[in-house]
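Please open the model in your viewer and keep the selection panel at hand.

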2 protein chains.
Amino acid sequence: MKTNEMRSDCPISSSLDIFGDKWSLLIVRDLMLHKTRTYGDFTKAKEKIATNILANRLQVLEEQGIIIKLPYPDNKVKGLYKLSKKGVDLIPAVIEIALWGSSHLSDTDESSPFIEEVKKNKVKFLKKIMDKLMAEDAA
Amino acid sequence: MKTNEMRSDCPISSSLDIFGDKWSLLIVRDLMLHKTRTYGDFTKAKEKIATNILANRLQVLEEQGIIIKLPYPDNKVKGLYKLSKKGVDLIPAVIEIALWGSSHLSDTDESSPFIEEVKKNKVKFLKKIMDKLMAEDAA
DNA sequence: AGTATTTACTTTCAAATTGCAAGTAGTAAT
DNA sequence: ATTACTACTTGCAATTTGAAAGTAAATACT
């Protein structure tokens with residue numbers, strides 16, 4: 001669709017070339033909080049992503065090796081998306097964005113157990129969730 | 001221009017509503033690394049932002065209280081942009097993005113002194129740069 | 001003092017992206 | 001056998017982006 005050209009050799013700029021939009025990191029968020037998701041699960045998220053945008057973002061994230069598509073057990077129609085190691089490594093950035101939004105934006109859900117736990121002990125939360133997501137991934 | 005409607009009460013989603021694009025965080029990056037910048041300085045960055053996009057992003061970031069526009073000393077034409085406290089608080093997220101890009105994307109400048117220093121001691125670097133940017137801001 | 005240049009934008013317009021709605025094709029359930 | 005579910009794709013209007021040119025005020029140059 002679009003050629004993969006980087007605007008510069010800056011790692012920030014090159015990262016934003018991949019996920020610098022309003023949707024990509026929400027997909028990462030959902031996979032971070034739920035471990036795996038189907039296509040339909042993503043469309044049910046409260047931000048209401050359009051299906052064509054979702055299909056495009058899943059494709060880009062998979063091409064970039066950030067997410068992995070697996071077959072759904074005992075079902076030939078469904079697929080299961082999960083974060084790769086590269087995707088799991090994005091979690092610290094997502095967490096920092098969540099913390100910033102939680103403390104600087106009004107009308108955001110400050111009282112979710114997720115944000116509570118991150119605020120209580122960021123390092124501990126990070127280790128816990130990253131360990132969980134990377135479990136059974138020796139394969 | 002656009003109404004400020006949030007897609008949800010998720011702090012991540014609401015944050016991306018503000019800076020979820022390819023340019024906003026590059027403006028934050030430049031202000032993080034250079035403390036202050038003029039309009040012209042931003043246009044000279046290697047990613048070559050179009051001037052209309054730059055003007056729009058500066059306006060949004062200022063409206064959101066992330067950056068502050070100050071008069072340039074002894075010059076009535078120039079302006080000086082700097083990060084507010086709210087903008088400085090975005091630095092941890094920017095740093096995490098930089099670290100991710102630096103370790104997971106090829107052809108990014110891994111050898112810049114900035115990235116080197118962050119990798120050596122992230123907490124120390126964060127404190128140093130945030131202290132520097134917030135200095136003389138009792139005003 | 002008059003002209004050129006710098007600075008910070010704005011405007012114009014084509015191209016690309018987004019987003020809504022509807023359509024499709026292959027399972028799976030009843 | 002028919003209906004529903006799941007994961008998309010397609011069509012199209014609306015919004016956003018991006019390149020280029022334009023503008024207006026302030027500064028520098030002669």
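Begin by selecting B:Ser13, which sits in helix H1 (residues 11-19) of chain B, where helices are DSSP runs of H or I with at least four residues, strands are runs of E with at least two, and both are numbered from the N terminus. B:Ser13 counts as buried because its relative accessibility is 0%, buried meaning under 20% relative accessible area with a 1.4 Å probe and protein chains only.

This is a predicted model, in which local features need pLDDT of at least 70 and side-chain atom pairs pLDDT 80 or more, while totals for chains, interfaces and linings use all residues. Residues are numbered from 1 along each chain as written, chains are lettered from A and ligands numbered from 1 in written order, and side-chain values use heavy atoms, without hydrogens and water.

Next, show what B:Ser13 is in contact with (heavy atoms within 4.5 Å): leaving aside neighbours within four places in sequence, these are A:Leu26, A:Arg29, A:Glu47, B:Arg7 and B:Ser8.

Now select DNA strand D, which 20 residues surround, each with a heavy atom within 4 Å of the strand. Among the side chains to display, B:Asn52 has an N or O atom 2.8 Å from a base nitrogen, whereas B:Arg57 has one 2.8 Å from a phosphate oxygen.

Technical notes:
Polar contact = N/O pair within 3.5 Å; in protein donor to acceptor, adjacent residues only side chain to side chain. Buried < 20%, exposed > 50% of the residue type's maximum accessible area, 1.4 Å probe, protein only.
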